[in-house]
Amino acid sequence: MTITLDDVVSILHIPITGSMISSSQPLWVDDANALLVELLGTTDVEASREMEQCRSPSFRLLWLRDNFSTITDVSSDDDIEFATRAFLLHLVGYTLFADKSATSVVVVYLELFRDLSMVGSYAWGAACLAYLYKQLTTATRFEVRQLGGYLTLLQVWIYEHFPDMFSSSDLSYIESRPRALRWRPHVIPDSLQSVQERLDRLQSSDVCREPYVDHRAEHPFPDIAWFSGCIKCGLVVEPYHPERVLRQFGYIQTIPPRPFAPPRPDRSILLDQY
């Protein structure tokens with residue numbers, strides 16, 4: 001089983017089609033500094049100081065809040081535009097593209113908000129999934145102790161597919177809303193060992209492979225979820241193969257073809273292949 005584009009759009013109700021969130025090269029500190037000055041209206045000194053503190057082309061979410069939370073409707077048009085970009089950047093840095101600290105965001109995402117009229121044209125859901133796939137891969141390493149990505153997506157996916165595990169549903173939920181709103185916050189009182197034991201005792205009947213049946217009347221299955229290939233978020237490119245989890249779509253699982261995995265060192269120059 002895995003998180004699919006169908007899960008993303010059902011749980012979050014964000015677009016999985018549209019322009020690809022792409023970047024052909026990393027953003028260097030000097031370029032990031034210039035981008036902050038141009039698109040957020042900061043001074044060169046402020047931008048340099050913040051990135052020096054972060055020791056990378058990124059800045060703290062706290063810095064965004066401190067510098068733009070005082071903007072009001074009577075502020076100048078430029079200040080409102082700067083604050084709008086800051087809000088959107090804070091939003092994706094805290095949710096879709098959260099790092100393991102959940103305290104900072106890389107400057108490169110600011111370029112996505114240069115033209116605010118284009119914000120709705122991006123495939124945010126596909127990019128979010130690619131980023132989460134990458135974070136889950138990294139988290140399998142022995143030395144890694146934290147996980148980045150949009151963990152609300154991962155958590156609700158677990159609730160939907162393993163409903164008897166730690167979940168508490170909101171009885172007032174209606175199917176026109178994102179499935180993420182179906183679940184109440186729930187604290188797991190068990191120890192890690194007891195959680196592992198519960199997972200080991202799971203039977204096939206404990207798994208809900210098609211949790212969105214009631215959701216289809218309001219939000220039909222998106223055909224694009226059958227896409228097989230690679231999904232992208234900036235320089236992150238991850239294989240996406242729904243044919244390997246056909247039971248999640250209500251079909252009998254057959255032997256799937258060999259998955260496509262682009263050579264990692266060459267991912268940034270293989271853009272024409274996906």
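**Figure 1. The whole chain, from helices to strands.** Helices (H or I, at least four residues) and strands (E, at least two) are DSSP runs, numbered from the N terminus. Counted that way, the chain has eight helices and four strands. Going along the sequence, they come in the order α-α-α-β-α-α-β-α-α-α-β-β. With a radius of gyration of 20 Å (taken over C-alpha atoms), close to the 19 Å that the globule rule gives for 274 residues, the chain is as compact as a globular protein of that length. That rule is 2.2 Å times the number of residues to the power 0.38. Along the principal axes, the C-alpha atoms fill a box of roughly 60 × 45 × 40 Å.

A word on what you're looking at: this is a predicted model, in which local features need pLDDT of at least 70 and side-chain atom pairs count only at pLDDT 80 or more, while totals for chains, interfaces and linings use all residues. Residues are numbered from 1 along each chain as its sequence is written, and side-chain values use heavy atoms, with hydrogens and water left out.

Figure 2. Of the 274 residues in the chain, 40% are buried. Here, buried means under 20% relative accessible area, exposed means over 50%, and partly exposed is in between (1.4 Å probe, protein chains only). The chain exposes about 15500 Å², and carbon and sulfur atoms supply 55% of that. Those areas come from the Shrake-Rupley method with a 1.4 Å probe; for residues, only the protein chains shown count as cover. Now for contacts, meaning heavy atoms within 4.5 Å: among those in the chain with a separation of 6 or more, 66% join residues 24 or more positions apart. As for charge, the chain has 24 positive and 35 negative charges, and their mean positions are 8 Å apart. Lys and Arg count as positive and Asp and Glu as negative, leaving out His and the chain ends; each charge is placed at NZ of Lys, CZ of Arg, CG of Asp or CD of Glu.

Figure 3. Look for disulfides (pairs of cysteine sulfur atoms within 2.5 Å) and you'll find zero in the structure. Take Cys128, which is in no disulfide: the nearest cysteine sulfur belongs to Cys233 and is 8.4 Å away. Cys128 has 0% relative accessibility, so it counts as buried. Cys208, at 24%, counts as partly exposed.

**Figure 4. Two loop residues with positive phi.** His13 isn't a glycine, yet its phi is positive, about 55°. Ala102 is another non-glycine residue with a positive phi, near 55°. Its spot is the loop between helix H5 (77-94) and strand E2 (104-106). Ala102 is partly exposed too, with a relative accessible area of 32%.

**Figure 5. Phe68 and its neighbours.** Phe68 sits in helix H4 (residues 61-68) and, at 14% relative accessibility, counts as buried. Setting aside residues up to four places away in sequence, Phe68 touches Leu40, Thr42, Trp63, Phe82, Ala83 and Ala86. One of these, Phe82, is 14 residues from Phe68 in sequence. From C-alpha to C-alpha, Phe68 and Phe82 are 8.1 Å apart.

**Figure 6. The start of the chain meets residues much later in the sequence.** Met1 lies in the segment before H1 and counts as partly exposed, at 43% relative accessibility. Not counting residues up to four places away in sequence, Met1 touches Trp157, His161, Phe162, Val207, Arg209, Val245 and Gln248. Met1 and Gln248 are 247 residues apart along the chain, but their C-alpha atoms are separated by 7.2 Å.

Figure 7. Ala32 lies in helix H2 and is buried, with a relative accessible area of 0%. Apart from neighbours within four places in sequence, Ala32 is in contact with Leu27, Met51, Pro57 and Val107. Leu62 is 30 residues from Ala32 in sequence and 18 Å away in space, C-alpha to C-alpha. Trp183 belongs to the loop between helix H7 (151-161) and helix H8 (192-200) and counts as buried at 11% relative accessibility. Trp183 and Arg201 are 18 residues apart in sequence, with 23 Å between their C-alpha atoms.
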